[in-house]
Amino acid sequence: MREIKFRAWDKDLKGWIAEKFWVSDGVVWIRRGDMLVKLEAELVQFTGLLDKNGQEIYEGDICQSYTFLNNMPLTKFIVEMKVSRQNVVMHTDVIESQISQYLLSLPDRVEIIGNIYDNPDLLNQ
């Protein structure tokens with residue numbers, strides 16, 4: 001069973017929320033002193049998978065896959081997640097879902113190179 005956890009991107013500050021946060025009815029809250037502050041944030045979920053460097057793969061991460069024979073770069077893709085009753089299904093905008101799911105099942109062939117929040121133009125490089 002995979003660990004269920006999230007991280008949150010602060011849309012106003014354009015950065016990851018470092019402090020502990022709470023979610024209620026889709027709204028992200030943090031504590032500032034004695035007050036609870038509502039944030040404009042986007043939640044991304046941990047996929048339960050790690051890349052070749054042991055980094056946790058989250059929704060919105062941009063990954064680079066590598067070939068088997070000579071470890072050359074193969075393709076870049078964005079991780080998106082759809083949860084079915086029985087498992088987590090990965091798909092991307094760049095390559096077919098079956099291919100990306102296969103690549104993500106081989107963590108030694110996938111590396112996180114950024115994400116769509118910090119590096120939105122990375123796929124164009």
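Reader: Is lysine 14 buried or exposed?
Author: Lysine 14 counts as exposed, because its relative accessibility is 59%. Buried means under 20% relative accessible area, exposed over 50%, partly exposed in between (1.4 Å probe, protein chains only).

Reader: What kind of model is this?
Author: This is a predicted model: local features need pLDDT of at least 70, side-chain atom pairs count only at pLDDT 80 or more, and totals for chains, interfaces and linings use all residues. Residues are numbered from 1 along each chain as its sequence is written, and side-chain values use heavy atoms, with hydrogens and water left out.

Reader: Where does lysine 14 lie?
Author: In the loop between strand S1 (6–10) and strand S2 (15–16). Strands (E, at least two residues) are DSSP runs, numbered from the N terminus.

Reader: What about the phi of lysine 14?
Author: Lysine 14 is not a glycine, yet its phi is positive, about 55 degrees. Most residues other than glycine have a negative phi.

Reader: New topic. Which residues form the largest nonpolar core?
Author: Seven: Ala8, Ile17, Phe21, Val28, Ile30, Leu39 and Ala41. A nonpolar core is a set of buried Ala, Val, Leu, Ile, Met, Phe, Trp, Tyr and Cys residues joined through side-chain atoms within 4.5 Å.

Reader: And the sheet, what order do the strands take?
Author: Four strands form an open sheet, S2-S1-S6-S7, with antiparallel pairing. Two strands pair if DSSP finds at least two bridges between them.

Reader: Which strands stand at the edges?
Author: S2 and strand S7 (56–58). Each has a single partner strand, so one side of each is left without a neighbour in the sheet.
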